[in-house]
Amino acid sequence: MSHSLINQSYLIANIDRLVRDAIFQPFNFNDINNRLNALYQPFMESLNTDLFYSQTIDSFVFSTDAIVGDSYPSDVIWDHAKTQQFVNNIACYKNNIESEDNAWRYQEGQNKMNLERYVRSLLNHYSKLLFVRVDLKYSQETSHTVTIEDFNGHMIKLRELIGNKQTCFAHLQGNAWALEQGYENGGLHCHLLLIYDGSERQSDWFIAKEVGEKWQEVTNGTGAYYNYHSAENKQKYQINDRLGIGMIHRDNPVQVENAVCTALYLTKPEKQGQHLKVWLPSMRSFGHGIYRTNKRRGLPPISN
């Protein structure tokens, strides 16, 4: 495995930051020059035409290609003149990047409305639900080796397990997930919300632990997770009456609103720096379950 492939996600995140700094921030010319020399070769060697990239990444490729042409990445040195050309070229893509950012924020707004509708439907239907939140990521030792192809494969397997509702997903009544890429280090991760029948499942900390261990199994040991359900973490939110995980009772309006807020963390337009910057064809970065199904008890059958 080449050095460039190993650092795929990290490189992409840093190219995104470089482009945004060059266009939208007051920048230090020498800093841009140093970053170009550090990032250009490994990034271009990792470029995969079978993948889709965000507008910042495409703009970087177009801008640098116009300067260096068919030169091998290993032969390119970003001197003062080339760096100045890059700064001039990349500025031409400002409108394209802003348009993509606006489209992303709009889609996040739509996702937020759909998710809230879904979660409120579940909360209105069941007398009590157990809300479980887990962050699924990769261990610090292995995260730099994980490609978007790996991440997508792991998520497909996980969603299959969620859909089967076996083992730690037994008595699951709802779910939502959002895929993100860390702004600082490019680490790929998933925010996962699981909503269980509160009359069947009670131990939220234990369930979150089981789910995290299932993720580690799916990822062949490279996965890591964060369990939000420690007593210390829950107490911190309980003190301020903001606890939205654990057992949520339909007849407790504060619990219900807190649970909705917890769910909506998965769709926050202001988290733009953490959106995926590379993805596979037809790959989704957000999804949730279906409320209106024939298997949902207490609902009339769906007519054909």
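Contact here means heavy atoms within 4.5 Å, and that cut-off will follow us through the whole report.

## Ground rules

Welcome to a predicted model, in which local features need pLDDT of at least 70 and side-chain atom pairs count only at pLDDT 80 or more, while totals for chains, interfaces and linings use all residues. Residues are numbered from 1 along each chain as its sequence is written, and side-chain values use heavy atoms, with hydrogens and water left out.

## The overall picture

The protein has ten helices and eight strands. Both kinds of element are DSSP runs numbered from the N terminus: helices are H or I with at least four residues, and strands are E with at least two. Along its principal axes, the C-alpha trace spans about 70 × 50 × 35 Å.

Of the 304 residues, 47% are buried. Buried means under 20% relative accessible area, exposed means over 50%, and partly exposed is in between (1.4 Å probe, protein chains only). Taking contacts between residues at least 6 apart in sequence, 74% join residues at least 24 apart.

In soluble globular proteins, nonpolar side chains tend to be buried together. A nonpolar core is a set of buried Ala, Val, Leu, Ile, Met, Phe, Trp, Tyr and Cys residues joined through side-chain atoms within 4.5 Å. The largest such core in this model has 56 residues, and Phe86 and Phe151 have the most contacts inside it. Helix α2 gives the most to this core, with seven residues. Apart from it lies another core, of 21 residues, including Val119, Ala176, Val260 and Leu266.

Let us stay with Phe86 for a moment. Setting aside neighbours within four places in sequence, Phe86 is in contact with Ala22, Ile32, Leu36, Phe60, Ser63, Thr64, Ile67 and Trp78.

## How the helices pack

Two packed helices are described by the angle between their axes and the distance between the axes. Axes are lines fitted to C-alpha atoms, for helices over the stretch in contact, and angles run from 0 to 180 degrees between N-to-C directions. Helix α2 (residues 8-24) packs on helix α6 (residues 94-125) at an angle of about 115 degrees, with the axes 11 Å apart. The crossing of α2 past α6 is left-handed; that term applies if the near helix is turned anticlockwise from the far one by less than a right angle, and right-handed applies if clockwise. On the α2 side are Val19, Arg20, Ile23 and Phe24, which meet Lys94, Ile97, Glu98 and Asp101 of α6. By class, this contact of α2 with α6 has four nonpolar, no polar and four charged residues. Here Ala, Val, Leu, Ile, Met, Phe, Trp, Tyr, Cys and Pro count as nonpolar, Asp, Glu, Lys and Arg as charged, and the others, Gly among them, as polar.

Helix α3 (residues 29-46) and helix α5 (residues 80-91) have axes 10 Å apart, at an angle of about 100 degrees. Phe29, Ile32, Asn33 and Leu36 of α3 meet His80, Thr83, Gln84, Phe86 and Val87 of α5. This contact of α3 with α5 divides into five nonpolar, four polar and no charged residues. Further along, helix α7 (residues 148-164) and helix α8 (residues 204-218) cross at roughly 130 degrees, with axes that come within 10 Å. That makes α7 oblique to α8.

## Two residues of helix α4

Ile67 is found in helix α4 (residues 55-68) and, at 16% relative accessibility, counts as buried. Beyond four places in sequence, Ile67 is in contact with Trp78, Lys82, Gln85, Phe86 and Asn89. Val68 also lies in α4, and counts as buried at 8% relative accessibility. With residues up to four places away not counted, Val68 touches Tyr40, Val76, Trp78 and Lys82.

## Two loop residues with positive phi

Thr167 has a phi near 45 degrees, a positive value in a residue other than glycine. Thr167 sits in the loop between α7 and β3 (172-181), and is exposed, with a relative accessible area of 53%.

Ser282 is not a glycine either, yet has a positive phi of about 65 degrees. Its place is in the loop between β7 (278-279) and β8 (286-288), and Ser282 is exposed, with a relative accessible area of 72%.

Notes:
Parallel < 35°, antiparallel > 145°, perpendicular 65-115°, else oblique.
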